[in-house]
Amino acid sequence: MTGYVGLFVWSFLAATILPLASEPMLVALVRSHEGVAGPVLVATAGNYLGACTTYLLARAAARRLTPVSAA
């Protein structure tokens, strides 16, 4: 279970602005377990949620940095 949590966190961080690669951890987890589906699903969920977080942070930053036009 610890391997899956680590993979999720590593994949999440790799999908943000941090220069990380989640593939080596994914390969290690696939080799240490019998199935491929579990590690791939966990890595995909981490990458997806990390990308969504980055997108939402960028939208929030754009709103704060965009000047409000005086109407």
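## Helix H1

Helices here are DSSP runs (H or I, at least four residues), numbered from the N terminus. The model is a predicted one, in which local features need pLDDT of at least 70 and side-chain atom pairs count only at pLDDT 80 or more, while totals for chains, interfaces and linings use all residues. Residues are numbered from 1 along each chain as its sequence is written, and side-chain values use heavy atoms, with hydrogens and water left out.

In H1, Leu-7, Ser-11 and Ala-14 are buried. They cover an arc of only 60 degrees around the axis, which puts them on the same side of H1, the arc being that of the directions from the helix axis to the C-beta atoms. An α-helix has 3.6 residues a turn, so residues three or four places apart point the same way. Buried means under 20% relative accessible area, exposed means over 50%, and partly exposed lies in between (1.4 Å probe, protein chains only). The buried residues of H1 pack against H2 and helix H3 (37-65). By contrast, Val-9, which also lies in helix H1, counts as partly exposed at 41% relative accessibility.

Ser-11, found in helix H1, counts as buried because its relative accessibility is 0%. Leaving aside its neighbours within four places in sequence, Ser-11 is in contact (heavy atoms within 4.5 Å) with Ser-22, Ala-43, Gly-46 and Asn-47.

Ser-22 is placed in the loop between H1 and H2 and is buried, with a relative accessible area of 8%. Not counting residues up to four places away in sequence, Ser-22 touches Leu-7, Trp-10, Ser-11, Ala-14 and Asn-47.

## Helix H3

H3 has 29 residues and reaches 42 Å from its first C-alpha to its last, close to the 42 Å expected at 1.5 Å a residue. Its buried residues are Pro-39, Val-42, Ala-43, Gly-46 and Gly-50, and what covers them includes H1 and H2.

Two C-alpha to C-alpha distances relate residues that are separated in sequence: Val-9 and Ala-43 are 34 residues apart in sequence and 8.7 Å apart in space, while Tyr-48 and Ala-15 are 33 residues apart in sequence and 7.5 Å apart in space. Tyr-48 has its place in helix H3 and is exposed, with a relative accessible area of 54%.

## A nonpolar surface patch

Trp-10, Ile-17, Leu-18, Leu-20 and Met-25 make a nonpolar surface patch of about 460 Å². Patches are made of residues with over 30% relative accessible area and no salt bridge, like charges being joined within 9 Å and nonpolar side chains (Val, Leu, Ile, Met, Phe, Trp, Tyr) within 5 Å. A salt bridge is a side-chain nitrogen of Lys or Arg within 4 Å of a carboxyl oxygen of Asp or Glu, and accessible areas come from the Shrake-Rupley method with a 1.4 Å probe, where for residues only the protein chains shown count as cover.

One of the patch residues, Leu-18, lies in the loop between helix H1 (2-14) and helix H2 (23-32). Leu-18 is partly exposed, with a relative accessible area of 39%.

Methods. Helix = DSSP H or I, 4+ residues; strand = E, 2+ residues; numbered from the N terminus. Expected span 1.5 Å × (residues − 1).
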